Amino acid sequence: MWRFTAFEALLGPEDYNPDVTLPVHSSGAGRNAVARNARRSSRSRPAALKGRRGCERRAEGAMWGRLCGSGRILLLAGAARHCGRPHSRTQKLFSTSSVLSATEDEPTAPADSTTKVASKEGAAETPKQKLLKMIGDMKVEVTTKRKFQQLKEQEIKKQATNKQEGLHGGSSTFQNSAEDVQRSKPLNPELVQAASAVASSFPHNKEQAESELLAQLRRHEETTDKQRRGGTINICNVISEMTVKRQSPAQRGVRISNRISLEMDEDGQRIKPGRPSSHSDSGRSLKAGKRLNIFTKASPETENALKTVSSPTIWDLEFAKEIAAVTEQPPRNGFEEMIQWTKEGILWEFPIDNEAGMDDGAEFHEHIFLEKHLKDFPKQGPIRHFMELVICGLSKNPYLSVKQKIEHIEWFRNYFEEKKEFLQEI
Amino acid sequence: MPEYITKSFSPRFSFPQDPTAAHYMFHDDPYLMPKNSATARLFSLSKESGRNAAKYIIKEFPHFFDKILAEPNIPSLMPEICTPQIEGVSEEALRERINLRMVKASVDLFDQLLQAGTSISLETTNSLLDLLCFYGDGESTQEKESEEKEDLEESEVNASEQETPKRPPQRGSHPFASRWRENNNAERIFKIMPERNAHSYCTMIRGMVKHGASAKAYDMYTELLNDRHKADVHTFNALITAVPFLKDRFLERWELIKMFLNHMAQQEVQPNVQTFNAVLKTLRRCGGVGRSMAVPVIKEMEALEIEPSLATYDHLLSIFYRSADLASSGIISEVLDDVEKRSFTPQDPDDAKFFISAMQVCCDLKDIKLAYRLNKAVEKGDNWKFLDMDRLNSYWSRFFSLLCMMEQIDVVLKWYKEMSPSLFYPSPKNILDFLQALDAANHLEMIPSVWEDMKQLGFSKRRDLLEEVLSLMSRDQHPEEIQLAFAKCAEDIKTVHEQSGRDQASVEWTGSALGSVTVLFSRAGRTQDAWSMMERFQQINRIPTDLVMDEFLNCAKQTNSPDEAIKLVKLAASLGLPSSQKLKSRVEKEFKLSENQKKALESIQSDSDSSDSDSDSDRD
């Protein structure tokens, strides 16, 4: 069973453990179940790779743990993430790789069915009931998924049973989910409530307003998700950085040649004093003799002109490597080894910065303290309350960039601006 | 660790502080500590070979490594992506394959593009030519194995990208399989190119020179001139290195070099230090002409204010000190004057050879002063970096041999203690030189410790060294303590001979070795051991020398063991040695014999007599 807090919805949760009760947050709404489920299955990967995922998570935990100064809630959120890990991992392991390939396209069908259920039933109900129903839908999702796996194992063709199963699950678990909500009543979904509160202050089509608000939240959830999955983006980064790395020997070569020319400028003028002793004991000397007189010294302008070469060819790259290899020495002590690792970019840079690798050019406070963007909202009232919850969630979301967070707030601002007349009618 | 912190340590660590410690790159584990140069080489390459193995696996089985994400992502820890990302037939895809250095795939794609009638830009074609020329490209109808070979070569290049300091650069010498073949892909593509610029010609010339097709390269150069293009400096450098393969006579070679240099001047190409290095490298193979023309070349460099690199000096030394008459040390001391004044950055792949060849010249000249100067120059600045593992070993081994030859023994010992396991692993020849130096300085009491080192270095089975050690130890009589130590050493050597081989065959006894060991045991008063050695003479059908038997008799006398003395006489008699009579009389005179012993002695007499008479009768 899955339970989400309002914050988590914004946080873009991945594998939340239902057994972990969050002391501060209220739990409830499972609006994002559909999207999440799709995501879950598409993200399935061999169990062996889960460990890596875990590391990733832990790194994140550290990242957000650092921000604990900004409020205790954050710390708890971070901790909860930590606690959540082992269980969810086993969950994933449980859905073994045999199911793995099958799960690729599975959840789309039940998703459709559940949304259908939701839309059908949700037509004429109050917001609260609708909320409850949504939770129920989410449960349906989960159970269908499980059942589905069983079905897979039994090798029953899915298309035929799909809808049936989904509907059946929906109806059977509806009571369960209702119970569940009852049980978790003290932890109410503040955000949804707030949304519905805002909506209820609208004169007409309250449902529409609410669903619009919620839809926006959900959209945001999706982007969060996309960006968290962001493998494709990262691969692009990898490639681009790799090409950069490839070019570096050439750059080094260029640098070397620059240095050479510099040395020439410095030392070339020096007149070498002949040593009388060397003349005396041999007939031959490097000092005596004429030059070939083939070349003339190039003027600085032509030298500069020669230097503007096009991009390095494979010859240049390999020559630079060869030259670099001449004086390449293995590190002679731990310090040199660390220097080398740092140069290669495989050692954490000092001083320790747990935001390494997250270069969106924003400081952490821009991510966290979003109150300043609420200037244009009313100072009090349900909208204010709603927006405060929104920024609270945003401040804890590591997957959105600052720009996206601000855009998200902007959307609400415009939205409420549009609805201003309705609001003022009240 | 920030560099500014670590750099501040660097002067203290510029040379390893603990001379007994192995290099940092080795594992700190008694079983993984190298004992001699062979294991040192092996272990030093182990890390890199592990890395290459990992790369190979990733390259061969990329489908196992499709989930390579991390948060935060550390690109340098990720494997390089060697599979092309762009599908389909397009110039873009071709360029990607060229960048990934996939020779065959690039050629195939190029052909496909051509068949489809797509025009390919000059730039892309040129970079394809670069690729083909650099790798010396095989035929398009390549067999699988040769393709693999190419892959190997590619991975080797990648490895050098990963900076293997140990691998000596072998680009200059033509690497194995990749000779330039008639009408290979590079030539084919070059021919069908609609337009060619100077770069196309230049890269062809460089590729041809690199892969040993010098004559073709020269023809290509003529074509380039006919097309009124200008070659670049690298191309001229390549052509100059190809000169020895183009002309046979020394003077013709020099004329050709001069022609190329003149062409450079005409085409307004500024020479660089590699140009002059190439000239000097070619002059190395021009005998007397080289010796007379080297100085003007250096003068030309000076006039153009091009600082020589270490390779320049290396070529100079080789030009002037190749022949047997090494009369003067003028050139090398001038070279050292220059080298001492400057600090060097690598500019030429041959730079690394300088210190070794300079030390060789010092050795040949037997000039220890020059060697010290050279060594100072090595220690100066970052010059030590030019000596990688292998070169460091041969450098020090030469230096050490020279020291053994020329220096006082205490100085030699000091050097030996400082450099023995940490800087280099002495070669067998070094140990021989060292033993001779000890002998010359009358410091034979050091031999047991040298023997220990020899065991460490894995030389305990080298017969020449064993003989030398034993003969030095057994040559003279020494004070008792030393004799005891020697006897211990001899016992060691005995076990080396007697280790019946689980893994290797044991060393065969030689007569002299056996004799020396016996003498050493006798002098230390270990009669029983000495006697067991005496018995072995008979087993391997060798004859002990008179000296050995005398020593043994002395020993028997000292330890008052007449039985052994009688046994010796018996042995001598059974071997039919002429000295048995003398020994017998000595035994009779010098030992107090009981009645039984006397009888035994007499019986030996008769035995030997009979054998004598037998032989006499035979002779009759």
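A: In this predicted model, B:Leu114 is located in helix H4 of chain B, which covers residues 103-115. Its relative accessible area is 38%. Because this value falls between the limits of 20% for buried and 50% for exposed, B:Leu114 is classed as partly exposed. When neighbours within four places in sequence are left aside, B:Leu114 is in contact with B:Ile120 and B:Ile192.

The chain that holds this residue may be considered next. Chain B contains 29 helices and zero strands. Of its 620 residues, 50% are buried. Among the contacts in chain B with a separation of 6 or more, 68% join residues 24 or more positions apart.

Several pairs of helices in chain B show how such elements pack. The axes of helix H10 (residues 233-246) of chain B and helix H12 (residues 273-283) of chain B come within 8 Å, and they cross at roughly 5 degrees. H10(B) is therefore roughly parallel to H12(B), since an angle under 35 degrees counts as such. On the side of H10(B), the residues that meet H12(B) include B:Val233, B:Ile240 and B:Pro244. Their partners in H12(B) include B:Gln274, B:Ala278 and B:Thr282. By class, this contact of H10(B) with H12(B) has six nonpolar, five polar and no charged residues.

Helix H20 (residues 428-440) of chain B and helix H22 (residues 463-475) of chain B have axes 10 Å apart and pack at an angle of about 10 degrees. This angle means that H20(B) is roughly parallel to H22(B). Among the residues that make the contact are B:Leu432, B:Leu435 and B:Asp439 of H20(B), together with B:Glu468, B:Leu472 and B:Arg475 of H22(B). The contact of H20(B) with H22(B) has seven nonpolar, one polar and four charged residues.

A further pair is formed by helix H17 (residues 368-379) of chain B and helix H18 (residues 389-406) of chain B, whose axes come within 10 Å and cross at roughly 145 degrees. The crossing in which H17(B) passes H18(B) is left-handed. In H17(B), the residues involved include B:Ile368, B:Tyr372 and B:Val378, and in H18(B) they include B:Trp396, B:Phe399 and B:Met406. The contact of H17(B) with H18(B) has eleven nonpolar, one polar and no charged residues.

Attention may now turn to the nonpolar cores. The largest of them has 179 residues, and B:Leu283 and B:Phe354 have the most contacts inside it. Helix H16 (residues 354-365) of chain B supplies the largest share of this core, nine residues. Leaving aside neighbours within four places in sequence, B:Leu283 is in contact with several residues, including B:Trp254, B:Ile257, B:Met293 and B:Ile319. Apart from this core lies another, of 25 residues, among them A:Val198, A:Leu389, A:Leu394 and A:Phe412.

A:Glu212 has its place in helix H10 (residues 206-229) of chain A. A:Glu212 is partly exposed, with a relative accessible area of 24%. Not counting residues up to four places away in sequence, A:Glu212 touches A:Trp411, A:Tyr415 and A:Lys419. Between A:Glu212 and A:Tyr415 there are 203 residues of separation in sequence and 9.4 Å in space, C-alpha to C-alpha.

Notes:
Residues are numbered from 1 along each chain as its sequence is written. Chains are lettered from A and ligands numbered from 1 in the order in which they are written. This is a predicted model: local features need pLDDT of at least 70, side-chain atom pairs count only at pLDDT 80 or more; totals for chains, interfaces and linings use all residues. Side-chain values use heavy atoms; hydrogens and water are left out. Axes are lines fitted to C-alpha atoms, for helices over the stretch in contact, and angles run from 0 to 180 degrees between N-to-C directions. Helices (H or I, at least four residues) and strands (E, at least two) are DSSP runs, numbered from the N terminus. Angles under 35 degrees count as roughly parallel, over 145 as roughly antiparallel, 65 to 115 as roughly perpendicular and the rest as oblique. Contact means heavy atoms within 4.5 Å. Ala, Val, Leu, Ile, Met, Phe, Trp, Tyr, Cys and Pro count as nonpolar, Asp, Glu, Lys and Arg as charged, and the others, Gly among them, as polar. Buried means under 20% relative accessible area, exposed over 50%, partly exposed in between (1.4 Å probe, protein chains only). A crossing is left-handed if the near helix is turned anticlockwise from the far one by less than a right angle, and right-handed if clockwise. A nonpolar core is a set of buried Ala, Val, Leu, Ile, Met, Phe, Trp, Tyr and Cys residues joined through side-chain atoms within 4.5 Å.
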